[in-house]
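Here is a short briefing to read alongside the model. Keep the viewer open and follow along topic by topic.

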Amino acid sequence: MQILGIDIGGSGIKGAPVEIDTGELVTDRFRIPTPDPSKPEAVADVVKEIVKNFQWKGPIGCTFPAIVRRGVVESAANVDDSWIGTDGQKLIQKKTKCPTILLNDADAAGIAEMEFGAGRGNDGVVIMLTLGTGIGTAIFNKGVLLPNTELGHLEIRGKDAEMRASDRIRQEKDLDWDNWGERVNEYVQRVEYLFSPDLFIIGGGVSKKADKFLPHIKPVHAQIVPAQLLNDAGIVGAAMAASALAS
Ligand code: BGC
């Protein structure tokens, strides 16, 4: 079965049909820059463009970089504030005329990694961290997701953790890998102290450069590995989450 997965991010909105049984993208991804300001109508119009590009008629799964409960967006750290309280799922469904599931981006990435990537077969506690514009988190116990954990906003040294250790901050402050690696290490150790996971999976675009910063990250007990699906995890996880709409 194929489902269209769409990943709504702070800088780009990208999508591709996904073969649900293998987690593979059926075609190349199609990407459109995120509108600025990233207001609900404008973002939903871009999603519609992506759906049109693939001439898609079936269900779609969409990620969103915020808390999403039953389709309603409840936070907006890296998108326009007018999203708060918006039923994004309903809005996208109305625009595209496709049955839609909207879920948090890190949750989607985690779902994909647990099924097809670095978390495959792990039946302990797994924490997926996505390091990008913000820090996204997804927690699994015995393969079951606890949705909408927002551990990117833990306070570290009096600051929101994602304002110290996200990949955006690495770039903005021009931190070298050692320096940034130390910041991520402090963050990972804090999360480990609070949740005692068996495994951390580090995702987000920067996970391609894992060899540069992973050596600095030393959880006390947990194992730590880079994500395997890299930039596709959100698209794949979103499509998987929407597969229930097709059955
Ligand atoms: C948001 C999360 C999101 C993460 C990654 C954070 O700022 O609060 O909901 O998962 O960024 O995009």
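Which residues does Tyr187 touch, not counting residues up to four places away in sequence? In this predicted model, the list is Leu129, Ile135, Thr137, Leu151, Gly152, Leu154, Ile156 and Ala161.

**The nonpolar cores**

- The largest nonpolar core has 27 residues, and the members that touch the most others are Leu131, Trp180, Tyr187, Phe200 and Phe213.
- Two or more residues of this core come from each of strand 9 (125–131), strand 10 (135–141), helix 6 (177–195), strand 14 (199–203) and helix 7 (210–213).
- With six residues, helix 6 is the element that gives the most to this core.
- Another core, of 26 residues, lies apart from it; Ile13, Ala66, Val73 and Leu91 are among its members.
- As general background, nonpolar side chains in soluble globular proteins tend to be buried together.

**Helix 6**

- Helix 6 has 19 residues, which at 1.5 Å a residue should span 27 Å; the C-alpha atoms at its ends are 26 Å apart, so the two values agree.
- The buried residues of helix 6 are Trp177, Trp180, Gly181, Arg183, Val184, Asn185, Tyr187, Val188, Val191 and Glu192.
- In general, an α-helix has 3.6 residues a turn, so residues three or four places apart point the same way.
- Just after helix 6 comes Ser196, with a positive phi of about 45°.

**Helix 3 against helix 8**

- The axes of helix 3 (residues 105–116) and helix 8 (residues 233–242) come within 7 Å of each other and cross at roughly 85°.
- Because angles of 65 to 115 degrees count as roughly perpendicular, helix 3 is roughly perpendicular to helix 8.
- On the helix 3 side, the contact involves Ala108, Ala109, Ile111, Ala112, Glu113, Glu115 and Phe116.
- On the helix 8 side, the residues they meet are Ala233, Gly234, Val236, Gly237, Ala238 and Met240.
- By type, the residues of this contact divide into nine nonpolar, two polar and two charged.

**Val72 in strand 7**

- Val72 sits in strand 7 (residues 72–73).
- Is Val72 buried, partly exposed or exposed? Its relative accessibility is 24%, so Val72 counts as partly exposed.
- Leaving aside neighbours within four places in sequence, Val72 is in contact with Ile67, Gly85, Thr86 and Asp87.
- Val72 and Ile101 are 29 residues apart along the chain, and their C-alpha atoms are separated by 11 Å.

Definitions and conventions
Residues are numbered from 1 along each chain as its sequence is written. This is a predicted model: local features need pLDDT of at least 70, side-chain atom pairs count only at pLDDT 80 or more; totals for chains, interfaces and linings use all residues. Side-chain values use heavy atoms; hydrogens and water are left out. A nonpolar core is a set of buried Ala, Val, Leu, Ile, Met, Phe, Trp, Tyr and Cys residues joined through side-chain atoms within 4.5 Å. Buried means under 20% relative accessible area, exposed over 50%, partly exposed in between (1.4 Å probe, protein chains only). Helices (H or I, at least four residues) and strands (E, at least two) are DSSP runs, numbered from the N terminus. Contact means heavy atoms within 4.5 Å. The expected span of a helix is 1.5 Å times one less than its number of residues. Axes are lines fitted to C-alpha atoms, for helices over the stretch in contact, and angles run from 0 to 180 degrees between N-to-C directions. Angles under 35 degrees count as roughly parallel, over 145 as roughly antiparallel, 65 to 115 as roughly perpendicular and the rest as oblique. Ala, Val, Leu, Ile, Met, Phe, Trp, Tyr, Cys and Pro count as nonpolar, Asp, Glu, Lys and Arg as charged, and the others, Gly among them, as polar.
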